[in-house]
Amino acid sequence: MTAAPIRQPVRILGIDPGLRRTGWGVIEIDGNRLTFVGCGSVEPAEGLPLASRLLAIHEGLAAVLGDFRPVEAAVEQTFVNKDGVATLKLGQARGVAMLAPAMSGIPVAEYAPNQVKKTVVGAGHADKAQVLMMLKILLPKADPKTPDAADALAVAITHAHHRESTARLRVVGI
């Protein structure tokens with residue numbers, strides 16, 4: 001008779017990329033139980049050139065990775081708006097947000113904003129207040145100071161719920 005494998009909690013970093021504020025949230029999932037670990041925002045100084053902002057985002061996320069040691073990460077996909085230049089700049093911040101964990105050998109999943117809202121709230125067009133209300137139910141100890149940190153926690157929760165199907169898709173090559 002063999003013993004059942006011991007299940008280890010999985011630490012997940014969720015990232016909500018932005019040039020002014022990049023939110024981050026760390027949770028652990030053990031079975032179907034979610035636990036809040038930490039959250040915050042990386043906020044580059046106002047007026048910095050784009051390259052310096054991107055560097056500040058990378059350094060901030062590298063510090064979070066070092067402090068919290070997640071084993072998986074998830075990033076919210078860019079919402080394309082009417083301002084193409086702003087969308088491209090946000091895409092660069094998103095690239096840095098994906099690069100930081102990837103450089104540490106951490107797999108990175110991506111989720112659309114509507115999928116995050118649907119997973120956390122149950123409706124793909126939920127507003128930020130509804131997301132925050134559900135975060136308080138799902139992670140009672142969480143107290144995000146910025147909407148970006150709250151969104152990052154929502155991204156982490158989404159990954160916790162979809163991580164196995166996301167991993168299967170990676171194996172198949174989709």
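Two strands pair if DSSP finds at least two bridges between them. Helices (H or I, at least four residues) and strands (E, at least two) are DSSP runs, numbered from the N terminus. The model is predicted: local features need pLDDT of at least 70, side-chain atom pairs count only at pLDDT 80 or more, and totals for chains, interfaces and linings use all residues. Residues are numbered from 1 along each chain as its sequence is written, and side-chain values use heavy atoms, with hydrogens and water left out.

**View 1. The hairpin of S2 and S3.** Strand S2 (residues 22–30) and strand S3 (residues 33–42) run antiparallel, joined by 9 bridges. Asp30 stands opposite Arg33 in S3. The hairpin has 2 residues between the strands. Gly31 takes a positive phi near 70 degrees there.

**View 2. The aromatic pair of Trp24 and Phe68.** Rings of Phe, Tyr and Trp (its six-membered ring) pair if their centres lie within 6.5 Å; planes under 30 degrees apart count as stacked, over 60 as edge-to-face and the rest as tilted. The count comes to 1 aromatic pair. The ring centres of Trp24 and Phe68 are 5.2 Å apart and the planes lie at 45 degrees, so the pair is tilted. The pair links distant parts of the chain: Trp24 is in strand S2 and Phe68 in helix H1 (residues 50–68), 44 residues apart. Trp24 counts as buried (under 20% relative accessible area, with exposed over 50%, partly exposed in between; 1.4 Å probe, protein chains only), because its relative accessibility is 10%.

**View 3. Thr146 in the loop between helix H4 and helix H5.** Helix H4 spans 128–138 and helix H5 spans 147–172. Thr146 is buried, at 16% relative accessibility. Thr146 touches (heavy atoms within 4.5 Å) Arg21, Ser41 and Glu43, not counting residues up to four places away in sequence.
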